[in-house]
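Thanks for coming, everyone. I'd like to walk you through some helix packing and a few charged pairs, so let me put the model up.

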Amino acid sequence: MTREEILKLEGRLLDAAVAKHVMGWTDFTPIDPDYDFTVRANGRNSNYATSPDGKRTWFPVYHREISSAWEVLNKLIQLGMEINVGFYEKWDCAIDYRGTQYDEQAETAPEAICKASLLAVLGI
C-alpha cells in the first residue's frame, strides 16, 4: 500500500487494513464497507476474519471505537514504538519508531490512530 492509499481508506476498509497489518488478523471474508457487522441474505458472513488467537469473528471497528483504537496503541507499544496522541484543531497521532516519525491527523482520535499505525507498521 502507498501512503496515499492508506490516507484514502475509510470505515470498514480501514478497519480491515489495521486488523491485517497491525493486529495480525488473517483469512478475511469479503469486506462490506456499509456495515460494521453483517450476515448477508445468502447466509455468508462479511467483515469476518480469524483473530490472532484463532477465533473466527467480526474484526473490531478500530476507526470509530476508542477502546479498539487503544488496543492498536497497546500493540504498537509492544513493538517498541513511542506514541503521542493529542488534539490540535484536529486529532493527531504521532508515532516514533527507531528514529522515524509517522504522523497523521483526522477528525477523530481512532481514525488518526488507525492511519498513523498503518504508516508506522508498513514503514511508509
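Let's start with Lys115, which forms a salt bridge with Glu111, the closest N and O atoms being 2.9 Å apart. By salt bridge I mean a side-chain nitrogen of Lys or Arg within 4 Å of a carboxyl oxygen of Asp or Glu. Lys115 and Glu111 are four residues apart in helix α4, so about one helical turn separates them. Helices here are DSSP runs of H or I with at least four residues, strands are runs of E with at least two, and both are numbered from the N terminus.

Quick word on ground rules. This is a predicted model, so local features need pLDDT of at least 70 and side-chain atom pairs count only at pLDDT 80 or more, while totals for chains, interfaces and linings use all residues. Residues are numbered from 1 along each chain as its sequence is written, and side-chain values use heavy atoms, with hydrogens and water left out.

Back to our pair: is Lys115 buried or exposed? Lys115 is buried, at a relative accessible area of 5%, whereas Glu111 is partly exposed at 22%. Buried is under 20% relative accessible area, exposed is over 50%, and partly exposed is in between, using a 1.4 Å probe and protein chains only.

In total, the structure holds five salt bridges. Another one joins Glu104 and Arg3, with the closest N and O atoms 3.6 Å apart. That pair links distant parts of the chain: Glu104 is in strand β7 (residues 100-106) and Arg3 in helix α1 (residues 3-8), 101 residues apart. Glu104 is buried at 13% relative accessible area, and Arg3 counts as partly exposed at 32%.

Now, the helices. α3 (residues 66-78) and α4 (residues 109-122) pack at an angle of about 25°, their axes 9 Å apart. The axes are lines fitted to C-alpha atoms, for helices over the stretch in contact, and angles run from 0 to 180 degrees between N-to-C directions. α3 and α4 are therefore roughly parallel to each other, a label for angles under 35 degrees. Who makes the contact, meaning heavy atoms within 4.5 Å? From α3, there are Ile66, Ala69, Val72, Leu73 and Leu76, and from α4, Ala109, Pro110, Ile113, Ser117 and Val121.

Last stop, helix α2 (residues 11-21), which is mostly covered: eight of its 11 residues are buried. Among them are Arg12 and Asp15. The buried residues of α2 pack against α3 and α4.

Definitions and conventions. Parallel < 35°, antiparallel > 145°, perpendicular 65-115°, else oblique. Contact = heavy atoms within 4.5 Å.
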